[in-house]
Structure formats: structure tokens, C-alpha cells
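Happy to walk through this one with you.

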Amino acid sequence: MPSRARAIVIGASAGAVEALSAILPLLPRHYPLPVIAVVHLAPDKNSVMAKLLQMKCRVDVREIEDKEPLQAGTVYIAPPDYHVLVEADDRLSLSSEEPVLFSRPSIDVLFESAADVYGEGLVGVVLTGANSDGSQGLRAIYRAGGSTVVQCPKSAYASAMPESALAACPGARVLGLPEIAAYLIEVAGLV
């Protein structure tokens, strides 16, 4: 467990709505950390992910805008067709660089930039998905001293992403969705 968590990053793909809907509504209204999530979405359609999750959550949920400052108690959802990076001044930036592993937004891009900024104060979570995006980013978080969590592959809608994350980062905690929510509350110092 990080000595003092400063931020949470989450990556998910196939089955993401169900997984995030099992975790995020359990966070209390005044959750003291920012949560940044990348979900693989169709690049040519508007997303309703943030609005859908906001209806279920006590924390604020919003789609990321370029240069937006991070605030505690807010879940930031990556917009379709943009990479998300965490900047050293605690802002989020959007990028239209080439897709990574056929994905834009890329989980690896978010995780690696957040690891550079937060180091041991970062918690990275890889959830369900059908490709290997997030594996290298989770390893970067681990190498920077952060805490790494992977959804139990057997409980995932699509197991390829958690299995790939575990292959790249075998020291990660393997938890079910309710346990991941409890862990996020614990690392925020709320228990």
C-alpha cells in the first residue's frame, strides 16, 4: 500500500461499464483523491459514460477537458479519441498522438504519465478488457513505487487485459470488484 496515495488511475475496456459501476458508486461523496479513468470507446461517437456513471455515484463524474485541474472527490473519464496525460502541475491534458495498441485513449499513456508525476503516491487499477493495454503502464507504476491492482481475471467480463497486466506486473494485488472498491477507500485513509 502506498504510504500516502495522491491519485488513482483506472483502465478498462470490454465490460468496463459493469466493472466501474461496481466500484465507483461505493466511493463516498467526499472521497479525498482524484480518480482518472481510461475506457476504450468508439472514436467516432459521443460518449455518455460520464453521465451514466454520475447517475450512480456520490462523487462527481465528468468527461475530461484539456488542461483541467485535478480535484479530490472527482472521477475523470477520458473522452473518445484522445489520450490523457497527467501534467506535473496536477492538470490533465489531451493528446491526439497516434493510437497505442490500436487504442486512443490508451491506458498505458495515462498510467505512465501519472507514474512520472505521482511515483509512490499513485494507485493503478487494471480491470476487464480484451487486449494488453495497461500492462506496460501498470509496470511503470510498480517501478515508480506505486501500488498496483488487477481485477481477478476469473471475475472479469474479458480476462485478457487483467491476465496481461499480471504477466507484466506479477506483484500486483489481485482482487474482485468489491475488494477493489474497499482498497480504494483504504488507501484514501478512510478506514
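Q: In which loop is aspartate 81 found?
A: This is a predicted model, so the answer rests on computed coordinates. Strand S5 covers 74-77 and strand S6 covers 83-86. Aspartate 81 is found in the loop between S5 and S6.

Q: What is the phi of aspartate 81?
A: Aspartate 81 is not a glycine, and yet its phi is positive. The value is about 70°.

Q: Is aspartate 81 buried, exposed or partly exposed?
A: The relative accessible area of aspartate 81 is 25%. Buried means under 20% and exposed means over 50%, with partly exposed in between. Aspartate 81 therefore counts as partly exposed.

Q: Where is leucine 101 found, and what is its phi?
A: Leucine 101 is found in the loop between S7 and H3. It is a residue other than glycine with a positive phi. That phi is near 55°.

Q: How does leucine 101 count by accessibility: buried, exposed or partly exposed?
A: Its relative accessibility is 40%. With buried under 20% and exposed over 50%, leucine 101 counts as partly exposed.

Q: Are helix H3 and helix H4 roughly parallel or roughly antiparallel to each other?
A: The axes of H3 (residues 107-118) and H4 (residues 135-143) come within 7 Å and cross at roughly 10°. Angles under 35 degrees count as roughly parallel. H3 and H4 are therefore roughly parallel.

Q: Which residues of H3 meet H4?
A: On the H4 side, the contact involves Ser135, Gln136, Gly137, Leu138, Ala140 and Ile141. By class, the contact of H3 with H4 has five nonpolar, three polar and two charged residues. The H3 residues are Asp108, Phe111, Glu112 and Ala115.

Q: How far apart in space are alanine 167 and serine 135, C-alpha to C-alpha?
A: Alanine 167 has its place in helix H5 (residues 160-168), and it is exposed, with a relative accessible area of 65%. In sequence, alanine 167 and serine 135 are 32 residues apart. In space, the C-alpha to C-alpha distance is 7.9 Å.

Q: How far apart in space are glycine 189 and arginine 4, C-alpha to C-alpha?
A: Glycine 189 sits in the segment after helix H6 (177-187). It is exposed, at 58% relative accessible area. Although glycine 189 and arginine 4 are 185 residues apart in sequence, their C-alpha atoms are separated by 8.3 Å.

Q: What share of the contacts between residues at least 6 apart in sequence joins residues at least 24 apart?
A: The chain has six helices and ten strands. Among its contacts between residues at least 6 apart, the share joining residues at least 24 apart is 69%.

Q: Why is the chain said to be as compact as a globular protein of its length?
A: For 191 residues, the globule rule gives 16 Å. The chain comes close to that value, so it is as compact as a globular protein of that length. Its radius of gyration is 14 Å.

Q: What percentage of the residues count as buried?
A: Along its principal axes, the C-alpha trace spans about 40 × 35 × 30 Å. The accessible surface comes to about 8400 Å², of which 51% belongs to carbon and sulfur atoms. Of the 191 residues, the buried percentage is 55%.

Key: Residues are numbered from 1 along each chain as its sequence is written. This is a predicted model: local features need pLDDT of at least 70, side-chain atom pairs count only at pLDDT 80 or more; totals for chains, interfaces and linings use all residues. Side-chain values use heavy atoms; hydrogens and water are left out. Axes are lines fitted to C-alpha atoms, for helices over the stretch in contact, and angles run from 0 to 180 degrees between N-to-C directions. Helices (H or I, at least four residues) and strands (E, at least two) are DSSP runs, numbered from the N terminus. Angles under 35 degrees count as roughly parallel, over 145 as roughly antiparallel, 65 to 115 as roughly perpendicular and the rest as oblique. Contact means heavy atoms within 4.5 Å. Ala, Val, Leu, Ile, Met, Phe, Trp, Tyr, Cys and Pro count as nonpolar, Asp, Glu, Lys and Arg as charged, and the others, Gly among them, as polar. The radius of gyration is taken over C-alpha atoms; the globule rule is 2.2 Å times the number of residues to the power 0.38. Buried means under 20% relative accessible area, exposed over 50%, partly exposed in between (1.4 Å probe, protein chains only). Accessible areas come from the Shrake-Rupley method with a 1.4 Å probe; for residues, only the protein chains shown count as cover.
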